[in-house]
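Kindly keep the sequence and the model in view while reading.

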Amino acid sequence: MRWQGNRQSENVEDRRGARRPLIMGGGIGGIILLLLVLFLGGPQAVMQLLQQQGGGPVAGPQVDEDPQATAFVRTVLADTEDVWDEQFQAVGRAYQKPKLVLFSDEVDSACGFASAAVGPFYCPADRKVYLDTSFFRELEQRFEAPGEFAQAYVIAHEIGHHVQNQLGWSDRVQNAQQRVGKVEANKLSVRLELQADYLAGVWAHHAQRSRNILERGDIQAALDAATAIGDDKLQMESRGRVVPDSFTHGTSAQRARWFKRGLQTGDLAGAELLFQVDDSEL
Ligand SMILES: [Zn+2]
């Protein structure tokens, strides 16, 4: 994937290595104490205080341990901003850029406390995408889907959920889910997930047209990722059997198919199809 040198987004919130302030339990008291120490004792006094408290680094500028991954995420996010800005304008809307939170191990979101084990996710309540870049390693090792474009696809899928949220599609599905049973509600969730895959494809279509980001093998890498993280495959691996009613993301074949369809058409309006076709056409 060609991304180096392209615009990087300002909308990344880096919470990696963030620890709760240890000085006096943090809070206002901690801040006042820190300010006092800063004014009266200078930085050395702060370090001393930290050592006495056995504390680690306080919140503030941190050393980025993986600058390459950060630059990559910022660039892909910027690319999604450019594409969705343009696509929303075309239908007379203004795209509201979401924030992307980088975290390590665990994170607190408006949707609750989450560990990295849940994988990347979008929280509609605070309109933020949450990503632990260690997932990229997992994608490569556990799911055998290496490559930058596979990673970009994962980010674009989460951004797809933001697009759905802003266009009111997620709400529509949620309302519909309240009127049906569990099995039907699950089917609607699958359609929403496949739509996010389709939207990831729509992003890739326009990114390619404007910035020529794709290199040989990239599309296959994204399809492999879509295939590797399909529900049927994950269920087979974890339980040894497939239980279609509990699918929440769609099968491997469905995910790859809808991503590809978005990639080929680049048509935002075509995403509506996901709620029009029969189960057999998914
Ligand atoms: Zn999703």
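1. Asn11 is found in the segment that comes before strand 1 (12-14). The model is a predicted one, and in it Asn11 has a relative accessible area of 14%. Because buried means under 20% relative accessible area, Asn11 counts as buried.

2. The surroundings of Asn11 may be described next. Leaving aside residues up to four places away in sequence, Asn11 touches Leu77, Glu81, Lys97, Pro98, Lys99 and Leu100. With one of these, Glu81, there is also a polar contact: the two side chains are joined at 2.7 Å.

3. An α-helix has 3.6 residues a turn, so residues three or four places apart point the same way.

4. Helix 4 deserves a point of its own. It consists of 19 residues and reaches 27 Å from its first C-alpha to its last, which is close to the 27 Å expected at 1.5 Å a residue. Helix 4 is mostly covered, with 18 of its 19 residues buried. After helix 4 comes Gly168, which has a positive phi, near 80°.

5. How many disulfides does a search of the whole structure find? It finds one, formed by Cys111 and Cys123, whose sulfur atoms are 2.0 Å apart. The pair links distant parts of the chain, twelve residues apart: Cys111 is in the loop between strand 3 (106-109) and strand 4 (112-115), while Cys123 is in strand 5 (residues 121-123). The link of Cys111 and Cys123 is right-handed, with 90° about the S-S bond. In general, a disulfide is a covalent bond between the sulfur atoms of two cysteines.

6. Finally, the accessibility of each cysteine should be noted. Cys111 has 44% relative accessibility and therefore counts as partly exposed. Cys123, at 0% relative accessibility, counts as buried.

Technical notes. Residues numbered from 1 in each chain as written. Predicted model: local features only at pLDDT ≥ 70, side-chain atom pairs only at ≥ 80, totals over all residues. Heavy atoms only, no water. Disulfide = S-S within 2.5 Å. Helix = DSSP H or I, 4+ residues; strand = E, 2+ residues; numbered from the N terminus. Buried < 20%, exposed > 50% of the residue type's maximum accessible area, 1.4 Å probe, protein only. Polar contact = N/O pair within 3.5 Å; in protein donor to acceptor, adjacent residues only side chain to side chain. Contact = heavy atoms within 4.5 Å. Expected span 1.5 Å × (residues − 1).
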